[in-house]
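Good morning, and thank you for coming. Please take a moment to look at the structure before I go through it.

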Amino acid sequence: MQFRHEQLPNGLDIVAEVSEAAHSASLGFFVKTGARDEYDAISGASHFLEHMVFKGTDTLSAEDINLRFDFMGASANAFTSEEDTVYYAAVLPEKQHDALELLSAMMRPALREDDFVTEKQVILEEIKMYDDQPPFGADDRCRALFFRDHPLARSVLGSTSSIEALEVEAMREYHQQRYSSDNLVLAASGAVNFESLIKSAHQLCGEWKPSPPSNRKVHFCTTQSEIVTDVITREQAALEYVVRMSPGPAEDANDRFAAKLLAVVLGDDSGSRLYWDIVDSGKAEHAACNHHDFLDAGVFVTQLSCEPENTHALLNRIVEIYQGAENGLSNNEVDQARNKLLSRVVLAGERPRQRLFSLGLEWAHLGRYRSVPDDLATLDKISREDLHRILAEWHLPASSSTVLAGPLLSDSSSS
Amino acid sequence: MKQTLQTATLDNGIILLGEFLPGVESVSVSFHVAAGSLCDSLSTRGSGRSCCGLATLAGELMLRGAGERDSKQLVAALDNAGVQWSQSVSMSHGSFAGAMVSRQLPDSLKIYADILRRPLLDQTQFDPARQVVLQNLAGTEDDPTHRTMLALRKAHYPSPWGLPCEGTSADVAELSHTDVKNFVTTFIQPQDMIISVAGRLDWPEFVKQIEGLFSNWQGQLPNPISVGDRGDKICHVPYDSQQTHIALAWDVPPYRDPDSLQATAALAVLGGGSSSRLFTEVREKRGLCYSVSAGYQTQRDLAAAMAYSGTTADRAQETLDVMLHEIAALPGTITEDELDRVKARAKSGLVMQQESTAARAGAMARQWFHLGRIRTLAEDLERLDGLSVESIEDWLAKNPLKEITTVFLGRDPLEVPDAVSP
């Protein structure tokens with residue numbers, strides 16, 4: 001594996017992790033924009049724009065784009081999150097230039113009114129689809145409660161009303177502001193020809209214009225005086241779905257990896273404290289804890305799905321389990337979790353498509369490169385005491401926000 | 001690309017498949033026992049009892065302690081060896097798989113031998129195991145797409161192929177510890193078991209160790225399954241949701257039939273990739289839905305094409321009409337460009353599979369199950385190159401679509417035209 005970096009005069013960063021053993025090359029544009037960069041009148045615009053990018057440019061129709069990707073045998077897609085919009089394609093190495101040519105053209109979409117009207121229907125369908133599925137909006141609602149007036153409170157999809165009200169001109173303006181050359185990172189991984197990539201990028205992206213720098217970070221106050229709970233009632237649901245958020249280290253914190261290791265000890269899909277206590281015994285369909293980090297905040301997310309009548313007892317039990325962890329973790333459980341994470345890092349490192357996301361997001365957020373050996377070394381150094389320190393500092397049992405979605409009624413939330 | 005494929009057969013019928021993949025540190029191994037959900041009905045043949053979910057429950061209980069290790073010790077041993085393990089049940093197989101750094105392979109093979117040959121099937125673990133299966137079934141109740149596809153399989157396939165692999169709550173609630181013990185004794189057998197391994201691998205050492213762990217295991221599978229009836233051709237599942245879910249199925253040749261190549265290529269033109277006809281006509285041009293696709297599902301002796309879309313109730317009829325129109329319009333209209341795209345996508349997929357040890361181990365096992373051999377990448381690519389528009393059109397002309405099974409899940413049923421021809 002060899003890391004390469006170059007910056008074009010217009011500020012576009014190009015990073016690559018080159019692996020001669022790989023059979024494919026993965027390329028992606030990582031745009032530093034997402035739900036957190038929106039305001040009420042354009043809620044959902046980042047994600048809608050991600051769809052519109054596939055609808056064509058001044059010289060390409062939507063059909064042209066789909067045809068070209070399929071002709072090159074590309075596995076291409078995109079996603080939008082709170083902080084990022086990512087467009088990517090995995091191709092055979094000989095298609096590297098073709099893929100970059102198409103992806104870079106797409107970064108300058110036409111945003112035609114008639115496409116906008118048609119695609120709006122697709123977005124509204126996507127909102128309805130998620131609304132029919134577990135956790136029935138509990139994740140969005142919980143994030144809104146937890147982050148309050150912080151930009152991370154915003155929904156990625158937006159709402160039916162915000163999407164219906166959105167006009168194409170507002171999206172054009174948003175695109176103009178957010179897709180400037182220095183707000184994008186071009187990342188590549190696998191069997192990449194870096195010299196050729198740079199040459200193509202100069203030719204295809206060299207004319208893009210930079211924008212004035214902006215600060216995306218907003219201080220998030222983690223001390224919250226009250227425990228907030230909300231309920232979304234879905235009478236037809238078989239199970240109750242719970243999302244619970246409490247503060248944790250942000251992505252630039254030294255404890256970021258330790259927080260992830262702690263989450264594996266507490267709430268991994270198997271072999272964790274939540275697993276043995278709640279899932280293995282068949283008390284719940286699912287109980288897990290994860291750590292998510294953002295530019296300026298971090299969060300421990302606990303998810304539970306169970307029979308409605310057991311919800312409150314199990315939520316109390318989860319708090320007891322977190323309290324028990326504060327009384328001390330064993331060396332064995334920490335080592336077991338560490339071994340799992342080490343193995344995941346090694347296996348993910350073999351897949352160019354998986355490495356692309358680590359590479360691109362790390363550079364887009366922190367402007368740095370972390371290799372697989374870097375991640376392994378960091379994990380190896382984390383001690384049991386580090387995890388105890390995080391437990392003491394972030395105090396997981398003190399819940400910030402909890403949302404229940406399922407058959408339970410709202411007056412049951414306080415029991 | 002030079003490829004190193006290996007096969008071996010033990011005296012007791014266990015098949016070993018291996019591929020050395022250069023440039024990786026990991027290895028993936030998977031064990032496929034002929035104890036899939038099709039065996040649910042066999043285990044109570046003649047008793048009149050339905051045991052849908054028995055194979056799933058057996059898989060769950062087998063992981064709860066084996067050999068010298070109890071449930072917790074077993075998971076700890078796999079986790080500490082950095083094995084990313086999984087267990088699953090399909091119609092034909094119960095499967096146990098693990099991906100790991102290659103030096104851990106010898107120790108983890110011993111653990112898998114314990115799971116397959118010496119599961120504790122601890123009485124005290126039975127109730128929690130059954131609870132876990134019941135909880136998972138309750139969870140699938142809330143997934144409208146999953147429910148739609150279950151209803152489609154039930155309507156389209158003859159019994160027992162149409163029954164859900166994961167079981168039904170009513171049947172699982174009635175299963176006993178003795179049922180599971182009998183199932184494991186009867187169906188977890190070396191005969192027809194496939195062990196597939198891919199990655200950084202010392203093949204002779206692997207074969208030697210597997211022989212040591214499995215060669216003294218003897219046993220035969222019971223008689224095969226008899227085919228039952230199919231369900232209704234049109235089925236509406238009432239469900240209070242914003243979207244109506246539409247699922248369609250029709251018969252196509254199974255993977256081992258040489259014609260399956262033509263059938264799957266036609267299906268890819270219809271619903272694979274973002275330039276496919278369904279994606280273009282239903283989503284891109286009309287904005288009728290977020291998801292629409294068509295795919296291929298094969299068992300050894302029967303297979304189905306399945307198409308799906310989910311859309312708002314008031315646009316569901318138009319979505320169904322467009323889907324049926326595109327299916328009917330396919331014969332006689334496939335272009336060279338469409339076939340080129342299908343080939344390009346398939347080739348990329350085959351090459352990229354070489355980058356994942358787990359994907360390779362799984363793919364080899366599937367190919368052996370269907371064909372009784374594994375094809376090299378070069379062979380697979382050559383078959384793709386041999387495909388022509390004429391060969392696909394010829395197959396479509398000789399095999400006109402006779403009947404489509406149609407399932408809707410949502411508030412209201414939709415109208416299905418009598419004939420499927422345009």
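I shall describe each chain, then a pair of packed helices, and finally the contact between the chains.

Please keep in mind throughout that this is a predicted model.

Let me begin with chain A. Its secondary structure comprises 15 helices and 11 strands. For 415 residues, a compact globule would have a radius of gyration near 22 Å, and chain A, with 22 Å, therefore agrees with that expectation. Along the principal axes, the C-alpha atoms of chain A fill a box of roughly 60 × 50 × 35 Å. Of the 415 residues in chain A, 53% are buried. Turning to contacts in chain A with a separation of 6 or more, 81% of them are accounted for by residues 24 or more positions apart.

I turn now to chain B, which has 16 helices and 11 strands. The radius of gyration of chain B is 23 Å, close to the 22 Å given by the globule rule for 422 residues, so chain B is as compact as a globular protein of that length. Its C-alpha trace spans about 65 × 55 × 35 Å along the principal axes. In chain B, 47% of the 422 residues count as buried. Where contacts in chain B join residues at least 6 apart in sequence, 81% join residues at least 24 apart.

Two packed helices are described by the angle between their axes and the distance between the axes. Helix H2 of chain B, residues 54-62, packs against helix H5 of chain B, residues 123-141, at an angle of about 125°, and their axes are 9 Å apart. H2(B) and H5(B) are therefore oblique to each other, and their crossing is right-handed. On the H2(B) side, the contact is made by B:Thr56, B:Leu57, B:Glu60 and B:Leu61. H5(B) contributes B:Gln125, B:Phe126, B:Ala129, B:Arg130, B:Val132 and B:Val133. By class, the residues of this contact are 6 nonpolar, 2 polar and 2 charged.

How many residues of chain A are in contact with chain B? There are 53 residues of chain A in contact with 53 residues of chain B. On the side of chain A that touches chain B, the elements giving two or more residues are helix H2 (62-71), strand E5 (85-91), helix H4 (113-131) and helix H12 (331-349) of chain A. H4(A) provides the largest share of that side, 9 residues. The side of chain A that touches chain B divides into 22 nonpolar, 17 polar and 14 charged residues.

Thank you for your attention.

Technical notes. Residues are numbered from 1 along each chain as its sequence is written. Chains are lettered from A and ligands numbered from 1 in the order in which they are written. This is a predicted model: local features need pLDDT of at least 70, side-chain atom pairs count only at pLDDT 80 or more; totals for chains, interfaces and linings use all residues. Helices (H or I, at least four residues) and strands (E, at least two) are DSSP runs, numbered from the N terminus. The radius of gyration is taken over C-alpha atoms; the globule rule is 2.2 Å times the number of residues to the power 0.38. A residue is buried if 20 or more other C-beta atoms lie within 10 Å of its own, exposed if 12 or fewer, and partly exposed in between; C-beta atoms are placed from the backbone. Two residues are in contact if their C-beta atoms, placed from the backbone, lie within 7 Å. Axes are lines fitted to C-alpha atoms, for helices over the stretch in contact, and angles run from 0 to 180 degrees between N-to-C directions. Angles under 35 degrees count as roughly parallel, over 145 as roughly antiparallel, 65 to 115 as roughly perpendicular and the rest as oblique. A crossing is left-handed if the near helix is turned anticlockwise from the far one by less than a right angle, and right-handed if clockwise. Ala, Val, Leu, Ile, Met, Phe, Trp, Tyr, Cys and Pro count as nonpolar, Asp, Glu, Lys and Arg as charged, and the others, Gly among them, as polar.
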